[in-house]
Structure formats: C-alpha cells, structure tokens
Amino acid sequence: MEGGNRPKNVNKETSNTETETTMMMPSSSNLPFTPKGESYGADINVQFHNAATSTVSGKSAPPRKPLHQEVKPESWVVPTSTKAIRAVNPVTFAFSRLADKVKLGSQRTDGKNPISLANGDPRSASDFGPCTEAMKASVHSMIRDAQQSLGYANACGVSSVRKAIAEHHSYPEHRIEARNVIVTNGCSGALELAFNALLDPGCGVLIPQPSIPMYEMMAESVGATVVKYKLQMDCNWECDLEFLHTAMQHCGNKIRAIVVNNPSSATGAVFSQLHIVQLLEFARIYRLPIIADEVFGDMTYAPSQFFPIAQVAAQLGRQVPVITANGLSKQLMIPGWRAGWVTFHDNVHGSLRELQAGAVRLAELGPGVSTLTQCAIPQLLSKSNEGLNGWKSRLQTSLERQIVFLMTKLSMCDGLVPMAPQGTYYTMVKIKYSVLGMDDWEFASRLLDEENLIVLPGSALGAPNNAFRISFHLPQRSLYEATTRLYNFCQRHASERREAMDTLVEFAMI
Ligand SMILES: *Cc1c(COP(=O)(O)O)cnc(C)c1O
C-alpha cells in the first residue's frame, strides 16, 4: 500500500543512463521496503509485508524465483490483503452449513420445492410489482437532466440531488443543507463511508446484537474492535442500557461511536420515542456520535411509529451529533438501484466538522455513484407523486395483511412464540425448548430436511439461540405454504416429544 512497488525515483521525463539503469534493475536503496529479510532475485534484499499471506496459509510465501531463470511449473498463489482476509460474512459462512441441504422438489421423495423465509432481498421473492409511475418519472428526469446525468458529478453527489435529500432529512427543529449530504452506493455505501471516516485500527465501536453482519464486517475490515451490545428479546428488543454504561466505563476512551439500527431488520422491532431519548442521553453523557441506520424508515405498522434519531436529537437541543445512513432499497424495494446516502446532523458544538470533512475527502477518493441512479432519487423522494403514494399505501396494506395471516398461523404452532412485527418485513420467532427440544440451528436444520423450508437461525445474527428470523414479503401463496409446513413440523415434533415425556414419566412411576 504505502509507496507502491515501483522505485520512487524513476522519472519518465529524464533519460539519463542512471535512471534507465534504475528502471531495469533497481538497487536495494531505491526500494520502498527496508532492505532486510527474504532474498529477492540475485542481489536485492527486501522485506515482504506478508502478514496477509501468513494468516491465510499459516506460513510465509516461498522466496520468489527471478523471472529470467527457468521456473519449474510448480503451483503458486497470489496473496490477498489483510483487509480482504478480514472481510468474512459470518452469516454466509454459517449459513453454508444449511445451504448444502437445499434440494429441488424433484430430488426429494415428498416432491416439496424449497421455500425460503430467510431471504434478505425484497425483490427476489416478492410478487409485489415495482412502482411504475415513479420509475417512469425517474427515467424522464434522467433524460431531461441529460446535462447532469451524462457528465462526471461532484464526488459527493449531484448538487440538486443532495439538495433534495437534505430537504427530505430536514426537520422543523433543524434543517440540513446539501453540503451535509453525500450520495453513496446504497445504504451499505453510506455505512462504509461513515465507518471509514470514523474508525481506526485499535479503536472500538458499539454494535447491536442481533443485527445484520455488515456492521461487524465493515468495522473489522478497518481493524476496529467491535463491542457488541445486546438488544433484549423480552423487552421489545430495546438496547441493554446498563451494559452500554458499563462498556463505556471500562473502555470508553477507545470507543468512537454507537451504531443504532431502527427499525431493525434483524428483529422487526421499532424503538419508542422514549427509548430513543434514553439512547441520546447515553450518547450525550459519553460524547459519542450516533450512526443511525434508518434504511427502513417509516415502514412501520400501527401503533408503532418511526422517530428519526436526528429529529429527536434536534428536539432535545442538538447535543448529540447524528450520522444517518439511508437509502431507497428497502422502502421502495429497489435494492439493485443502489440509491443511498449519508447525512450529517451536527450538534450545537459543531462536533462533526472534522469528521464530515474527512468523509468528503474519502468520497473524493472513491469512484462516486452513477448519475443515472442519482438523478432518479429526487423523483423517488417526492411527496407529490400520486402514483408513488398510492403504491406505498398498497404495499403497506399488503404487508399488514401478511402480518395478520402470519401471526394467526404462527400462534397456532406448538412451541413457537411469535413477536408481532412493528416495522420492516422481518420478524423473530421464539422457539420454546421445553416443547420442541431444539435450539435454533437444530430447528432450522431439521425444518430444512423434513419440510424443505429455510429460516435463518437467530444466533447467525447474534440473537440468543432460541429464535429464528423470517421475512414475510413473500407472495401470499408461498407464505401460506411455508406457514403450513412450519405448522406441520411443530405439531409433529411437539407431540413426539410429549409422548416421549409421557413414557419417561410412566417409567419413573413404576
Ligand atoms: C438491507 C440493509 C442495508 C443495506 O442497504 P442497501 O441500500 O441495499 O445497501 C443496511 N442496513 C440495514 C439494516 C439493512 O437491512
């Protein structure tokens, strides 16, 4: 990384012999590495920075052969970077254990085709069509604004787009400007930018558990330490504030930020205004900025209501700075468009001035976001597009209907305790060990074997091992079939276990 691997003093403009010799055969003093360590070629010694290789293979790379000598056709491997080695998605990794078991109906004796309730992508399983009016308006604006949509844009985004996003995230209590917005590749891009601007190797960041694995991956890829705080299943998935205070008292000087995801795509819960006030109070005491992942926004179900953390912070006198990551992927079901952004809601002390400037520099380092996507954003945020408003309310009605159906079916299953979703299109379901005798992995694994139905074990997301997560944005008929299989599975195992228990009790009485 530092310095590259070419001799630094090579100057293309000059053509004196010394430079040419340098280019052909660099002497060790021209190399950007300390001249000690492994042998490189005939007469040059350099030290390889091969932490990456040694982590992967457990041994260091063999000495390289000079190219002009004949090389035997032995196998060789190009090392990858430490950052790449750290970038392991724990869910994909854990889930591959289950994925191997998925079979087509034609490969099974019962003919059951696989159904997945573990799907993260709202489009892949949904038969709810896109909002065509909004898509048309977006395409028209791309053509109309060709001047903007064809050229290179500012690295932080097209200015009219940043303005529209700033408007969308301005509250009566506090307005933000276009300069407080950076357009990113999806909400993931927003989070990545925020993490890169905030974190250094060795520092810490507070991350909720359960949550999507992306937070942990991103933080660890920059070498930061993840401090996981619990969302409490039996307290409406609220943050464990007591733990948060303890964590700050023990390692507060290392911790740079707290990540809050609301509504939570891991649990389907939505925080009350009171709980957000509590979180802001916590952040104020320890002078922590909040990274608010609010990609699901107001996709909530009555009586739950969405309160943007930045707005509540503004109402409380702007003591706590909030960095909000957002995008249109989930609410408009267009994850493939990669429309996202980060907004900086500074406090009265201007605590974010350096961080925001740092994020701008990082954005300038990056490749930027396609202007085709960017030019669509203002139309998709518009409150006056009636087609879009109608589409949103139809989506809402459809998801609410799915929830009623889902809750009715799940509450009939022996050994399951459903929790009514308050937002998003995910929910966690608790497994009663006393009734089914299975933890989350065993449940998911046997459900797949017996019913060809896929659910995500809660512990894959960092939840306790007595729950699983399902998504309910499926077509009605798939949801019907899936819940029927779930019901059959639970009734079968609950009654088997009851019989086994009865037998045990009989023996014990003899
Ligand atoms: C899906 C998801 C994201 C990623 O959003 P993209 O816009 O697709 O990058 C971020 N955070 C949460 C909580 C999500 O569920």
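Which residue has a side-chain N or O atom 2.5 Å from a nitrogen atom of the ligand? That residue is Asp293. Keep in mind as you explore that this is a predicted model. Below, we start with the ligand, move on to a lysine beside it, and finish with the sheet and its helices.

**Around the ligand**

- The ligand is surrounded by 14 residues, and the closest are Cys187, Ser188, Asp293, Ser329 and Lys330.
- Ser188 places an N or O atom of its side chain 2.3 Å from an oxygen atom of the ligand.
- Ser265 also reaches a ligand oxygen, with a polar side-chain atom 2.9 Å away.
- How much of the ligand does the protein bury? On its own the ligand would expose 390 Å², and the protein buries 90% of that.
- Two helices, H8 (186–198) and H9 (214–221), each give at least two residues to the shell around the ligand.
- Helix H8 supplies three residues, the largest share of that shell.

**A lysine to look for**

- Find Lys330, one of the closest residues to the ligand.
- The UniProt record, an unreviewed entry, marks Lys330 with the feature "modified residue: N6-(pyridoxal phosphate)lysine".
- Setting aside neighbours within four places in sequence, Lys330 is in contact with Gly120, Pro122, Val295, Phe296, Met299 and Tyr425.

**The sheet**

- Strands of a sheet pair through backbone hydrogen bonds, and they can do this in a parallel or an antiparallel way.
- Here, eight strands make an open sheet with mixed pairing, in the order E4-E11-E10-E9-E8-E5-E6-E7.
- Strands E5 (residues 204–209) and E6 (residues 225–232) run parallel and are joined by six bridges.

- Helix H7 (residues 159–168) lies across E4 and strand E11 (339–345), and runs at about 105° to E4.

Methods
Residues numbered from 1 in each chain as written. Predicted model: local features only at pLDDT ≥ 70, side-chain atom pairs only at ≥ 80, totals over all residues. Heavy atoms only, no water. Pairing = 2+ DSSP bridges. Helix = DSSP H or I, 4+ residues; strand = E, 2+ residues; numbered from the N terminus. Contact = heavy atoms within 4.5 Å. Axes fitted to C-alpha atoms, helices over the stretch in contact; angles between N-to-C directions. UniProt positions renumbered as here; feature names shortened; annotations may be inferred. Near = heavy atom within 4 Å. Polar contact = N/O pair within 3.5 Å; in protein donor to acceptor, adjacent residues only side chain to side chain. Areas by Shrake-Rupley, 256 points an atom, 1.4 Å probe, with all protein chains shown as cover.
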